[in-house]
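This report concerns the structure shown below.

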Amino acid sequence: MEYGDLNEAFFIIFIPLMSLILDVMFLSKLDMKHLNDGPSIVKKCKVTKVYLTHSNHLYIWKTDFVAMFNNDTIKKGTLSFFQSKKVGNTILCYWNIDCPTNGHIDYYMVKNYTDFELINDFGFIENKNLYSYHDYSLKKPDLVYYNVGFNIIYNAVGGLVDKQDSTLMLCFNDVCGQYKNVKYSVKGYKNIPDTFLVYRNVNEKLDSVWHVCAPEVNTPENRAKISDYGYIFHYDVYSKEEIESQCPQIKNYVEQYKKRMAEK
């Protein structure tokens with residue numbers, strides 16, 4: 001093969017091949033940056049185990065942890081290359097929302113603890129900025145709706161107490177105008193209020209159960225914020241006017257929920 005032919009073959013084969021390799025490397029780097037900095041759910045987690053393990057001819061620290069969802073579902077995870085303080089410590093961990101549900105999930109530790117109190121049951125982190133459930137809902141309502149949903153809250157009147165098991169029937173009209181009643185145990189209450197706060201997720205695929213607020217949330221101040229309905233983000237109650245004026249897209253999801261309920 002002559003020199004000119006070799007030169008031509010170099011440009012035809014080698015350069016496109018190198019371009020492909022560089023593209024793959026660049027995309028991999030972008031994917032990793034997205035997993036680190038992209039929208040993620042952050043949780044308070046309990047350290048369950050800290051240990052040193054041998055991997056690829058290296059000894060690395062690993063930390064096992066558990067995170068609670070809805071007070072009854074445990075998500076387990078492992079942080080690599082990180083030696084946590086002690087078993088039983090609370091740390092903030094996050095995992096990218098775009099991670100496949102049935103595939104490998106990479107977990108990361110939040111290193112900035114200055115906003116630790118922003119996280120109740122869960123929060124969000126994006127580009128190293130920590131957001132509460134409420135704040136991120138106003139910022140990215142579509143993403144929040146499909147991952148955790150929105151909870152609308154009602155004032156429910158209590159009646160028909162079963163004294164044998166201290167069961168109260170809570171009655172109210174929901175956002176669809178339908179009459180609802182929810183049974184609730186008031187065992188342990190010293191003073192039973194006339195009105196309770198009850199809420200439900202408008203993304204019923206995520207949660208279709210009615211929940212009654214804890215006594216510390218069921219305050220006159222919170223009940224006064226609710227007309228026909230309001231919103232609750234963890235322990236913070238807002239009027240529908242406040243939320244829907246700041247983020248009309250959240251109201252759109254409520255309207256879609258009403259249509260779905262009407263078709264059932």
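## Accessible surface

In this predicted model, the protein chain has an accessible surface of about 16,200 Å². Carbon and sulfur atoms account for 54% of that surface.

Leu 52, Tyr 59 and Trp 61 together form a nonpolar surface patch of about 350 Å². Of these residues, Leu 52 lies in strand 1. Its relative accessibility is 47%, so Leu 52 is classed as partly exposed, the range for that class running between 20% and 50%.

## Overall make-up

The protein chain contains six helices and 14 strands. It comprises 264 residues, of which 39% are classed as buried.

Contacts in the protein chain were also examined by sequence separation. Where the contacting residues are at least 6 apart in sequence, 52% of the contacts join residues at least 24 apart.

## Strands 1 and 4

Strand 1 spans residues 40-55 and runs antiparallel to strand 4, to which it is joined by seven bridges. Within this pairing, Lys 43 is positioned opposite Cys 93 of strand 4.

Strand 4 covers residues 90-96. Because six of its seven residues are buried, strand 4 is largely enclosed by the rest of the structure. The criterion applied here is a relative accessible area under 20%. Strand 1, the partner of strand 4, also holds the partly exposed Leu 52, which contributes to the nonpolar patch described above.

Definitions and conventions: Residues are numbered from 1 along each chain as its sequence is written. This is a predicted model: local features need pLDDT of at least 70, side-chain atom pairs count only at pLDDT 80 or more; totals for chains, interfaces and linings use all residues. Side-chain values use heavy atoms; hydrogens and water are left out. Buried means under 20% relative accessible area, exposed over 50%, partly exposed in between (1.4 Å probe, protein chains only). Helices (H or I, at least four residues) and strands (E, at least two) are DSSP runs, numbered from the N terminus. Two strands pair if DSSP finds at least two bridges between them. Contact means heavy atoms within 4.5 Å. Accessible areas come from the Shrake-Rupley method with a 1.4 Å probe; for residues, only the protein chains shown count as cover. Patches are made of residues with over 30% relative accessible area and no salt bridge: like charges are joined within 9 Å, nonpolar side chains (Val, Leu, Ile, Met, Phe, Trp, Tyr) within 5 Å. A salt bridge is a side-chain nitrogen of Lys or Arg within 4 Å of a carboxyl oxygen of Asp or Glu.
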